[in-house]
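Me: I'm new to this one and would like to walk through it by asking questions. Could you show it to me before we start?

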Amino acid sequence: MSEVDVVILAAGKGSRMKDDLSKPLHKVAGLPMLEWICRAVRKFNPKNIIAVQGADEDFSSYVDETVVQKEQLGSADALRCAFPKIDAEKLIVINADMPLMTENALVDLVEKGEGFDAALLTADLKKPFGYGRVIPVGERNVVEQIVEERDATADQEKLHLVNAGVYLFRADYIKRAINNVTTDNSQSEYYLTDALPGAKIVQVADWQDILGVNTQQQLAAVSKIARKRINDQIMANGVTMIDPLTTYIDANVLVGTGTIIKPGTVIEHDSVIGAENEIGPYAHLREKTVTGIDVHIGNFVETKNAKIGDHTHIGHLTYVGDAEVGQAVNIGAGTIFVNYDGKNKHMTKVGDRAFIGSNSKLVAPVEIASEAITAAGSTITDNVDRHAMGIARQRQTNKSDFWQRMPHEDFATEYDAKHDQRDDQP
Ligand code: UD1
Ligand code: CA
């Protein structure tokens, strides 16, 4: 393929989202939509990825170059803003709000659009609402016109062939054609779709690839599909999921073969889960959780920025944040790694085969050596040496004959009384 530049149109206001976050930065399975697009197009090895952004945005960390569209005059105007940065012969233009786009669909567009001045991806949608409708020239796979839903007649609205918002252009063609685009439409905007008559229609293989996000509801719908794709990929690598529908795994997560993930589990970005682990139910593995082989993380355990060694068990009701935990460690129920002092986060280290008693608080920075113990219920603020036990709680005292000093309700007698009454009923 000859050289190609990519322009991501990302300057729209996103007003239909009804919140203050810039639309391309809304996250889908842990990654901003813009990042999803960049991942799909980067596989092409494009010459340059250029984002068109609004005056208040800065997307420079995602792309090679950015240009500002000062006023949101429409998608054609947005593309025009990028022209000074374009020097490849071909151009892929893509809306920033379609995070499910895949490399396969883009390859298809480029291959099937070969020899045309312009080509676009389309899909046949059961519910085409909100998309521009594509009207072909007779039976041919060439565009006669694209009508936005707002501008469509009742008959045109019934069409199910929609414009995905991904285009392939010969650069010299679009630089000329864009000059013929006017603002003669209901929004008085320059529509890029008005430069597409004559373009080759390329039907996408998987209609989900083209779904766009204009509203919060669409963001949720697209996220669900993204998560299903992630889960399918992970299961294909030999991971067991008891209930994929309630297993929420971000992009950028690896899970090793033979691991079992139970319902209600969330695994966030940049986590690496080893082989043969047992995770959940209801475990929350936040960013940068890294586990070894045969690790057990049970119900209501939260981890974050934590390295956890082979064979370690963290069974119940525990928070492990900013920690290095060795191999074959047992962490008792209700343990808290106290990592935050109100301003800074501190590290906790726990050595191999250490035994952390239930309901321990490990106040970081602190180190529990290998084969050291903490007594249940201890608040550990000092390091514990190898083979030692750290105990930090008051010694128990028992006060005799205390029962008689307490008021009591006799539940059993009350219960019996109620049942007796019922027995009297006819
Ligand atoms: C657009 C298409 C529609 C297609 C749909 C696919 C146009 C006119 N319509 O509609 O045919 O079916 O996408 O999802 O293109 N943008 C700018 N500057 C602007 C206006 C928009 O950069 O002045 C960017 C937006 O950030 C967005 C993209 O262009 O990424 C499309 O704009 P949007 O308002 O989302 O268009 P749709 O109504 O979804
Ligand atoms: Ca859109």
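Me: Is leucine 317 buried or exposed?
Reply: The cut-offs are under 20% relative accessible area for buried, over 50% for exposed and partly exposed in between, with a 1.4 Å probe and protein chains only. Leucine 317 has 52% relative accessibility, so it counts as exposed.

Me: What should I know about where these values come from?
Reply: This is a predicted model, where local features need pLDDT of at least 70, side-chain atom pairs count only at pLDDT 80 or more, and totals for chains, interfaces and linings use all residues. Residues are numbered from 1 along each chain as its sequence is written, chains are lettered from A and ligands numbered from 1 in the order in which they are written, and side-chain values use heavy atoms, leaving out hydrogens and water.

Me: Where does leucine 317 lie, and what is its phi near?
Reply: Helices (H or I, at least four residues) and strands (E, at least two) are DSSP runs, numbered from the N terminus. Leucine 317 sits in the loop between strand 23 (313-314) and strand 24 (318-325). Most residues other than glycine have a negative phi. For leucine 317, though, phi is positive, near 50 degrees.

Me: What about phenylalanine 300: what is its phi?
Reply: Phenylalanine 300 is in the loop between strand 21 (296-297) and strand 22 (301-308). It is exposed, with a relative accessible area of 52%. Although phenylalanine 300 is not a glycine, its phi is positive, at about 55 degrees.

Me: Which residues coordinate the calcium ion (ligand 2)?
Reply: Donors are N, O and S atoms within 2.8 Å of the metal (3.2 Å for Na, K and Ca), and water is not among the atoms, so sites may look incomplete. At 2.2 to 2.5 Å, the calcium ion (ligand 2) is coordinated by Asp97 (OD) and Asn214 (OD1).

Me: How many residues apart in sequence are the parts that this pair ties together?
Reply: Aspartate 97 is in the loop between strand 6 (90-95) and helix 3 (103-112), and asparagine 214 in the loop between strand 11 (200-203) and helix 6 (216-236). Aspartate 97 is buried at 13% relative accessible area, and asparagine 214 is buried at 16%. The pair therefore ties together parts whose separation in sequence is 117 residues.

Me: Which residues does alanine 164 touch?
Reply: Alanine 164 belongs to strand 10 (residues 161-170) and is buried at 7% relative accessibility. Contact means heavy atoms within 4.5 Å. Not counting residues up to four places away in sequence, alanine 164 touches Met98, Leu121, Thr122 and Ile210.
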